[in-house]
Amino acid sequence: MHEETKFDRSRVTSVDWASYPILKFNEVPAVEVELVNHPELPPLGAGEAAAAPVAAALANAIFDASGIRLRSVPFTPERVKVATPSH
């Protein structure tokens, strides 16, 4: 994940795709989606709600793999190095 809104003292400085990069298609991991049919419930969308917990799930996976707890996205190599206990 590359997304990070940056600010200076007076405004947002992430104003274009160069300063606010998003994942490219070749960087996106494979995702399996299973839609559960519940015709008795009102239609409220299918995948939109899944976007919010993605960062938390990734942070937990990083913690499980490394013991490093990251609390701010994007999870860059620099942030991992800073969070590493030896630093």
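The legends below describe several views of a predicted protein model.

**Basis of the legends.** Residues are numbered from 1 along each chain as its sequence is written, and the model is predicted, so that local features need pLDDT of at least 70 and side-chain atom pairs count only at pLDDT 80 or more, while totals for chains, interfaces and linings use all residues. Side-chain values rest on heavy atoms, with hydrogens and water left out.

View 1. Helices (H or I, at least four residues) and strands (E, at least two) are DSSP runs, numbered from the N terminus. The C-alpha trace spans about 50 × 35 × 25 Å along its principal axes.

View 2. Of the 87 residues, 8% count as buried; buried means under 20% relative accessible area, exposed over 50%, and partly exposed in between (1.4 Å probe, protein chains only). The accessible surface comes to about 7600 Å², of which 60% belongs to carbon and sulfur atoms. These areas come from the Shrake-Rupley method with a 1.4 Å probe; for residues, only the protein chains shown count as cover. The mean positions of the 8 positive and 11 negative charges are 14 Å apart. Lys and Arg count as positive and Asp and Glu as negative, without His and the chain ends, and each charge is placed at NZ of Lys, CZ of Arg, CG of Asp or CD of Glu.

**View 3. Helix α1 (residues 54-66) and the glycine just after it.** At 1.5 Å a residue, the 13 residues of α1 should span 18 Å, and the end C-alpha atoms are 18 Å apart, which agrees. The expected span is 1.5 Å times one less than the number of residues. Just after α1, G67 takes a positive phi of about 80°.

**View 4. The loop between α1 and α2 (77-83), the place of P74.** The peptide bond from V73 to P74 is cis, with omega near 0°. Most peptide bonds are trans. R69 is also found in this loop and counts as partly exposed, at 34% relative accessibility. Leaving aside neighbours within four places in sequence, R69 is in contact (heavy atoms within 4.5 Å) with A59, N60, F63 and A83. R69 and P42 are 27 residues apart in sequence and 38 Å apart in space, C-alpha to C-alpha.

**View 5. L23 and G45 in the segment before α1.** L23 counts as partly exposed, at 32% relative accessibility. Beyond neighbours within four places in sequence, L23 is in contact with M1, H2 and V28. From L23 to A55 the separation is 32 residues in sequence and 14 Å in space, C-alpha to C-alpha. G45 is exposed, with a relative accessible area of 60%. G45 and E4 are 41 residues apart in sequence and 26 Å apart in space, C-alpha to C-alpha.
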